[in-house]
Structure formats: C-alpha cells, structure tokens
Amino acid sequence: MTNFIFRKFFSLGLTLFLASILVFFFLEIAPGNIAINSLGNTITPEQEASFNAQNGLDQPPLVRYIRWLIGSDWQATQQLGRPVQRIYDAESRQYSWWVVGADGALTQNYTEDGETMISVRRDSAGKITEQRLGPEVWKKDAEGFPVFWGINRENQASMWVRGQSLESWTLTKAAWKNTAGAPRKYIPLQMGLLRGDPGVSFFTGRPVIESLLTRIKNTLILAGIAFIVVMPLALALGLLAGLNEGKWVDRLLSTLSLLATGTPEFVSAIALILVFAVWLELLPGAVVITNDNSLFERPQMLILPIATLTLIELGYVLRITRTSMVEVMRTNYIRTAQLKGLSKWSIVFRHALKNALMAPITIIIQHVNWLIGGIVVVESVFGYPGLGSYVREAALFKDVFAVEAAAMVFILISVMTQLFADVIYTWLNPRIRYQ
Amino acid sequence: MVNAQSVPFTRPARESKLRAALGNLIGSPAAVVGLALVLFWIIMALGADDLLVRPDCWAASSDCTTTPLLARYDAQQSFRGQVLKPPSAEHWIGTDRQARDIWARTVYGSRIVLLLAPISVIVALLVGGSLGLMAGYFGGWVDEVVMRILDAMIGIPSILLYLVILAALGPSPLTIVLAVTVTGAPGIAKLVRSLTLDIKTRDYIAAAQTRGESPWYIMFVEILPNARGPILIDAMLRMGYAVFAMGTLGFLGLGLPPPSPDWGSIVNAGRAQLLGGHPWGALAGSIATATLVLGLNLLADGLQEQLNRYR
C-alpha cells in the first residue's frame, strides 16, 4: 500500500511538472508577443524592449521558467549581497520589495540623472525618508564599469550604471511615461508559483494571488454544493435503473442520461435559463454578486448553475452505477442469497450495495476533469465569479500570469482528486491492493 | 492482366460486405438516428450554396459568387431594418443583432464544424496513433517514457489546455486543430498502444519479423490495419468531442474571430439577448451543436455494437 501510494505520488509530481512546462511553454515561449498582447499593437520597439527588460521577458526560457516557478528573490540576493524582503502594504493592497540593510532598515533606490543615487528608507513604523547618497556607492563590476545594485521603486532588483542615464517606458493609467535614470539590468522580484506568488497581472497591475483566492473559494462553494446534490441523486437513480434492468424505468433513465452526457454544457445551461428564467420566470438567470454575503442573501441565484452542473454530471455517474449494479446482481453470491430465500431488499442493501457502489464512487471523484470543463462554462454563462470564469476572462484578455496561475490551480485540484480516488479505490477494493 | 482478373472477384465481395455492414448499422435504431442527424448536417454543409456545381469556389477565391441554396441567404448578408426579428417566412429562425439571417449563419456554420472537426481528429490520429504504435511495438524505455508523458497529459483537464493554447496563440482554425490534437492524441495513443500489445503476439507478426520486415513496415502495414475497428469508433467519438469543444470555445468567446458563423460563436452572440426574450440565436447554435454531437455519439455506439457482433 505504501509502495502504491508512493508510486502514485511520483506520477502526480510528474504530471504537475509536465503540466507546468506545457502551460509555461504555450503561454510564454510559443510565438505570440506578450508585450503587444498586454500593451496593444501601437507600441514602439523601444517601448517593447523596455517592457520586456523590466519584466524579465528578455531572459532565456529556462531562467524565466525557474523565476516563475520558485521566484527570483534569491537571484537578487546574490547580486545585491543583502537579503531582500517582501512586505504587504494593507492600505494600497500592494506588495513591495525592499533590501534589508545591516541595521534592519529597508531601502529602495532610484536616481534621476544616473549620477546621484537616492536611497528611500522605510523604518519599522513604515515611515519613509529619502537620502542622497555620495559617489562612493558606485562599485566597479567585473568589466570595470561603475555600477550600483539596488531595488527600484517598481519592485525590480536593478543595476544602474554610473553616468548612463537610460530611459525606461512604462504605461500608466493616463499615458506612456518616459523616465530618465533607468537601470541597465532588471530582475523582476517575485516569490514564484510554488511559494504562492504567481506574479503581477499585466492587465490589472494587481497581484494575481489576490483575486485568485476569493475565486477559488467561490468555485469550491459552487462545486461542493453541486457535488453534494449530484452524488446521492445519481447513485440512487443508477441503482434504481440497475435493479430494474430492461424495464421502462431503466430505459427512460438510460436514454435521458445518454442525452444529458452528450449535450454540451453550454446547451444545457441555455436550455435551463430559457425554461426557468425566461419562460417560467421562476429563478434568476444570472448570478449578481454585490457584496461578500450576496450568495447567502439570495441563494436562489445558485439554483440554475447547480442544476446545470448536476445535469452534466448526473448522466455519466448514473450509467456507471447502473452497469455496476447490474453486474453485481448477476454474481454468484447474490444468486446464493436469492436461493437462500432472503428478501429482495435485504439482498440489495446488505449484500449488493457495497460492491455496487465501489466503482461509481471512485469514478465520480476521478471525473473531476470533466466537472472542471463544466465549471468553466457554467461560471461563464451565469457570470459567477469563480475560478472558471477567471481563467476564461484571463484567456480572453491574454493575461498570461493569471491564466498560468488559474490553470495550475485547476490542474493541482484535478490531480489531487485523482490521487485521492485511486487511494480510496485501493482501500475499498482489497483485490487490487497488492498488485 | 492481374488487375483485370482480380476485379470481378473483389468487387462483389466488397459490395456484399458493405451491404452487410450497412444492414447491421440500419438494424440498430440508435445508429439510424445518428446517421440521419450526421447526414442532415453534411447535406446542409454541402448544399448551403451551389458550390458543388462550381468547384472552383471551394478554394474560396474572392471572385466566386455563389447563390445560397439551402441556406437561402449569405451568412454575412445584413438586412436593413431587420434587427433581432423573431422567426418569419423570410427569416426562418429570425435575425441577429447585425440583422443577419440566423438560419443562413447556422447552415454555413455547419461547413466550418464539419471541416475542422474531421481535420483535427485526423491530425490527432496521426500523432497519437504513431506514438501508440511505437510505444506498444518497441516497449521498453520508449514505452515507459511516452506513456508517462501521455498519462501526465491525460491528467490535465482538456478545457484548460484549450484555454491555454487559445490564449497563447490566438483564435484561428489552425489553433483549434492544434488544441484538439494536443488534447486528443494522448487518449488515442493509449488505445492504439493497448491494441498493438495485443496484435503484436499474433503469428502473422512473427511471420513478418522472420521475413525480415522493418519495424515501421510491421507497425503501419501489419498492425495498424488490423486495429482499425476500435480506432474508427474512437475517432467517431472524438469527432463528437471536437464538435463539442469547438462549440464550447466559440461560446466562451475564444472561437474563430467574427464574423465567422461557427456555432459556438452564434450561441455566444445570441447569449446577450437570451434574457431579453430573443433566444433564437442561442437556440439555433445550441441545437445544431447538440444534434451533431448526439448524432456522432449514436453512430459510434452503433458501430461498436456491430463490431461486438463480429467478435
């Protein structure tokens, strides 16, 4: 059993690793220009180059992959010779990066002319003071240029070269801003996906993790309720069909389940909206979230999304349960029980049920891949602010870091549940345990 | 000479085999319904305009003017003052926001779906089939490496791969084919591998090996043709998934760029008017996608039954 779980963990890790390479490759390496996608196609080559340098997009793929995965602060520490620290400012709801000085004070730097370096100090109370530094801060690098390494005010570890007043381009809310005194090299600071920081969205300018957490919570609420509704319903109906094999109940349920699984999710959703929201005017056809408690104040908003998810999942699980029940009812030990003269219900509940439910329960858990497709569609149809609609919006706007993070969270959830299903199945079914 | 002799023998044999196959297919009511649904859309696609009469129009050259036949109007034609009209004698299922005939768009949309879905499945078959054959036939570390990677890819929900690929490369027919290939190939490879492992043990493979045939000859000439039944059924199911996926992508706003009349995009465009009491666009695209997917699934079921009968 330990060996089995160990092997499963290995393949889980491999899946995640390959998935991360695949996601990263497609979004960042494959043709398709992140700068143009994020800033529009009217940017000049200088603006593009500046944007790429500031965001580390001019680096080789391997460096970018490593920074995306495990962060870049350790590389910055090597260059700066000092530890760096990320602090969260509750007021502006932004993260910022600082160099930790020998006395524990936090500093950032900037220069306006490439000659006078200005140090921004932040003490433990959060008070900011600026101080002009003398020319002695410029240190000769390996090639003999006088350079200074520090963290600039855009949270990038940067290398300034003395006397070279470079220009940088940044897109602010109003217009392009051209700043003098820009560094020559940048290391954009981030903690990395594995340490819970998937980067800052190019589109909104906010940390991705911020929106991700509430979205994950919302999706778990939706998927959790749907799961609680689907599970007993599908199992009960599947058992009903399986026990009445060949009768009209079975045929009706089997045909309906075939129709339900074959129908694309968006079609089921539109049909339900049309019937219950437009024609019968019974239920709201969209989810409108105005505050944190909206879901609890108007729970009827959730009925149609959950009904759609139920419809998508129900058919499949029902068919599996039915087949499993039919198979179990044909086994020898059930025949023995029947010949012994046990009552039908005693046979079903005391002998057949446990074995018949083994396959469907694992299948439901394994089926989470399918459910994720359903969740993306359902959340998009009903405007539900979950992870599914988040990944769709991010994909529409080509918000690279957001798509990467959301996709990886989904993949993690899916792979973990598959592992869970495997473990449950082995635990329920001793016959395959030691193979 | 050889040809002249062999033709009289093979033709009747082939015809009777075909008739038997069709007869079996027609024997199953589900398969008949499936066939009817798929044929309906094939006829619509072929007969949308008189392209069949003027084949040079297949290349979509700009100087080619066609007369809409089954579609009645052109998919992009806008009718003045006919914005969001309900069904009428002129416009069978109404008009959309840009005053275009929804029926015409749906019919022309079938052409896109019925072209892209088979192409992407064929590409997926080529990639997945080759990988599966190699993994199954060579075994050893090739098998181990290929299967580990493919297992990992199967673990990724396909909708995410679609979204990632389309977000990265932008919506175009090529991207959609690529997305369906990337998501479909691992499944096909696993199927072909298991079939290969089974067929590899047969005597005629040993005979071919003794004859000194190259591994590639054995894989593609001896093994592949003998595994065609299950592969064909799987391909039919995958065609359904491809239609399903294309619809979903269009619906999510990631399908072919406007003014393409693919079904998902029709639904996506019609979705905004759904709550405003003009469901025709959303309904047309939805029903079209659902019927074609259902048709392909039923057809696959029918073929499966027939295959089981031969076993």
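Student: In the hairpin of β1(A) and β2(A), which residue takes a positive phi?
Tutor: The hairpin of β1(A) and β2(A) has 4 residues between its strands, and a positive phi near 50° occurs there. This is a predicted model, in which local features need pLDDT of at least 70 and side-chain atom pairs count only at pLDDT 80 or more, while totals for chains, interfaces and linings use all residues. Residues are numbered from 1 along each chain as its sequence is written, chains are lettered from A and ligands numbered from 1 in the order in which they are written, and side-chain values use heavy atoms, without hydrogens and water. The residue with that positive phi is Arg93(A).

Student: Over how many bridges do strands β1 and β2 of chain A pair?
Tutor: Strands (E, at least two residues), like helices (H or I, at least four), are DSSP runs numbered from the N terminus, and two strands pair if DSSP finds at least two bridges between them. β1 covers residues 84-89 and β2 residues 94-100 of chain A, with Asp89(A) and Gln94(A) as bridge partners. The pairing is antiparallel, and the number of bridges is 6.

Student: Are Asp96(B) and Arg100(B) buried or exposed?
Tutor: Their side chains meet in a salt bridge at 3.2 Å, N to O, a salt bridge being a side-chain nitrogen of Lys or Arg within 4 Å of a carboxyl oxygen of Asp or Glu. Buried means under 20% relative accessible area, exposed over 50%, and partly exposed in between (1.4 Å probe, protein chains only). By contrast, Glu210(A), which forms a salt bridge with Arg206(A), is partly exposed at 24%. Asp96(B) and Arg100(B) are both buried.

Student: Which residues are linked with Arg148(B) in a network of salt bridges?
Tutor: Arg148(B) forms a salt bridge with Asp151(B), the closest N and O atoms being 3.9 Å apart. Both residues lie in helix α4 (residues 140-154) of chain B, 3 residues apart, about one turn of the helix. The residues linked with Arg148(B) in the network are Glu144(B), Asp151(B) and Lys190(B).
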